[in-house]
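Subject: Handover of a structure

Dear colleague,

Please look at it first and then read the notes that come after it.

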Amino acid sequence: MTDETAAPEAPPQDSRRETMAYLIGVAGWIVPGLGHALLKMWGRAAMCFLTVGLLVILGAEMRGNLFNSAANDAFDSLGYLADLGTGTFYLLAKSLETNGADVSHAGGDYGTRFLATAGVLNLLAALHAYEAARGRKA
Amino acid sequence: MNTEMGIKLGHLQSMLLFALLISIAFGFLSRRRPIDRVKYIVWSLFLFLLIGVGIGWAMYPFSH
């Protein structure tokens, strides 16, 4: 009698594809657009790179708040997670924002939103690349 | 726009820039054909601006 409760073992090809999809997702997070570039989706790759890059540069130049690991409350932690979503562009934002954040004016506040949105947008793009690599319709 | 001490943008300029960049990103991620992308970008941008300006006016009475 066969054990019907046991899950069928995934074929090696599916397992390999899943690993590749995971790596592509991570690559897309580390360098915005790289995940799509690896899938030869050039338009999406260029747009991810440009939009996330522009949001990060504008956010940093507007002296938005770039959160760090020393969070004071839950909102700071969430902001840090969102900012980390930009991958290596987090370091770019840090290097651009030499004068530190200034949220005493509207521009700085907008800059904070630009930086956080860049991160979340990049995470969305990385997830999209992961799904496309798995063969889901994208 | 002043680049000497960082970029200084007004409320409307910031909102326009934000809406435009996000609309482009959404359009490219969610649609495949160029014409569908353009339609999506224009529609998304319009809704961003409509809702943004709408919320701005809705808050206006409370600012006095």
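Predicted model: local features only at pLDDT ≥ 70, side-chain atom pairs only at ≥ 80, totals over all residues.

Residues are numbered from 1 along each chain as its sequence is written, and chains are lettered from A and ligands numbered from 1 in the order in which they are written.

Chain A

Chain A contains 6 helices and 0 strands; helices (H or I, at least four residues) and strands (E, at least two) are DSSP runs, numbered from the N terminus. Of its 138 residues, 44% are buried. A residue is buried if 20 or more other C-beta atoms lie within 10 Å of its own, exposed if 12 or fewer, and partly exposed in between, with C-beta atoms placed from the backbone. Among the contacts in chain A with a separation of 6 or more, 72% join residues 24 or more positions apart. Two residues are in contact if their C-beta atoms, placed from the backbone, lie within 7 Å.

The interface

Between the chains, 14 residues of chain B are in contact with 19 residues of chain A.

Helix H1 of chain B

Helix H1 of chain B covers residues 11-30. Its 20 residues reach 28 Å from first C-alpha to last, close to the 28 Å expected at 1.5 Å a residue; the expected span is 1.5 Å times one less than the number of residues. The buried residues of H1(B) include B:Phe18, B:Leu21, B:Phe26 and B:Phe28. Their cover includes helices H3 (42-61) and H6 (106-133) of chain A, together with helix H2 (34-59) of chain B.

The axes of H3(A) and H1(B) come within 9 Å and cross at roughly 160 degrees. Axes are lines fitted to C-alpha atoms, for helices over the stretch in contact, and angles run from 0 to 180 degrees between N-to-C directions. H3(A) is therefore roughly antiparallel to H1(B); angles under 35 degrees count as roughly parallel, over 145 as roughly antiparallel, 65 to 115 as roughly perpendicular and the rest as oblique. The residues that meet there include A:Met47 and A:Leu54 in H3(A) and B:Leu21 and B:Phe28 in H1(B). By class, this contact has 10 nonpolar, 2 polar and 1 charged residues.

Within chain B, the axes of H1(B) and H2(B) come within 8 Å and cross at roughly 145 degrees. The contact of these two helices comprises 11 nonpolar, 5 polar and 1 charged residues.

Two residues

B:Phe26 lies in helix H1 of chain B. B:Phe26 is buried because 20 other C-beta atoms lie within 10 Å. Beyond four places in sequence, B:Phe26 touches B:Tyr40 and B:Ser44.

A:Ala129 belongs to helix H6 of chain A. A:Ala129 is buried, with 30 other C-beta atoms within 10 Å. The C-alpha atoms of A:Ala129 and A:Gly25 are 5.8 Å apart, although 104 residues separate the two in sequence.

Yours sincerely

How values were computed
Nonpolar A, V, L, I, M, F, W, Y, C, P; charged D, E, K, R; others polar.
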